[in-house]
Amino acid sequence: TGSEAVKKVGGYFGFFTAVGAFYTGVAELINEEYGRMLMPGLAPIYTPQRVILTKDAVRKLINYDERSNTLWLQFRGLQIRTTNDVLAIRDGVQEAIEEALKTPRARKHNFNKVHVVADYEETFISEDILSDYWEMAGGLPRQYYL
């Protein structure tokens, strides 16, 4: 009868939904564990930034809000692997801050430092240069950050 057919279709739908949910859960765990897509079918919502770090490339990741005197560092997913990367970040951030402090509002209010919000979500910093990076990152706040 019609009622039996609806039950059968509903049962198949429920079964395939459960199989899909199970696969999704297992794929998420495996892909997260290995840090890459081993099980197909799940498109990552976010992929790390693969940029060659130069001062100019870093400048493109930085925005300044003159009204709040805030520098936004969009470093989400950045791959920091070498000492040259650290130097490029330092130079790019310093240039952005110096440029921000030359804005009309900063001059009017005699700003000599800026607020900074940095997004480091999913950022990779090689262990070889980790201490160099945090030494550089620790020096910038003393000199430029509020």
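**A helix and its partner**

Helix α3 passes α5 in a right-handed crossing, a crossing being right-handed if the near helix is turned clockwise from the far one by less than a right angle. The model is a predicted one, in which local features need pLDDT of at least 70, side-chain atom pairs count only at pLDDT 80 or more, and totals for chains, interfaces and linings use all residues. Residues are numbered from 1 along each chain as its sequence is written, and side-chain values use heavy atoms, with hydrogens and water left out.

The two helices pack at an angle of about 15°, with their axes 10 Å apart, where axes are lines fitted to C-alpha atoms over the stretch in contact and angles run from 0 to 180 degrees between N-to-C directions. That makes α3 roughly parallel to α5, a term for angles under 35 degrees. Among the residues of α3 that meet α5 (contact means heavy atoms within 4.5 Å) are V86, I89, V93 and I97, while the α5 side includes Y133, M136 and L140.

Within α3, the residues D85, V86, A88, I89, G92, V93, A96, I97 and A100 are buried, that is, under 20% relative accessible area with a 1.4 Å probe and protein chains only. These residues cover an arc of only 160° around the axis, which puts them on the same side of α3, the arc being that of the directions from the helix axis to the C-beta atoms.

S126 lies in the loop between β5 (124-125) and α5. With a relative accessible area of 12%, S126 is buried, and, not counting residues up to four places away in sequence, S126 touches I80 and R81.

Terms used:
Buried < 20%, exposed > 50% of the residue type's maximum accessible area, 1.4 Å probe, protein only. Helix = DSSP H or I, 4+ residues; strand = E, 2+ residues; numbered from the N terminus. Parallel < 35°, antiparallel > 145°, perpendicular 65-115°, else oblique.
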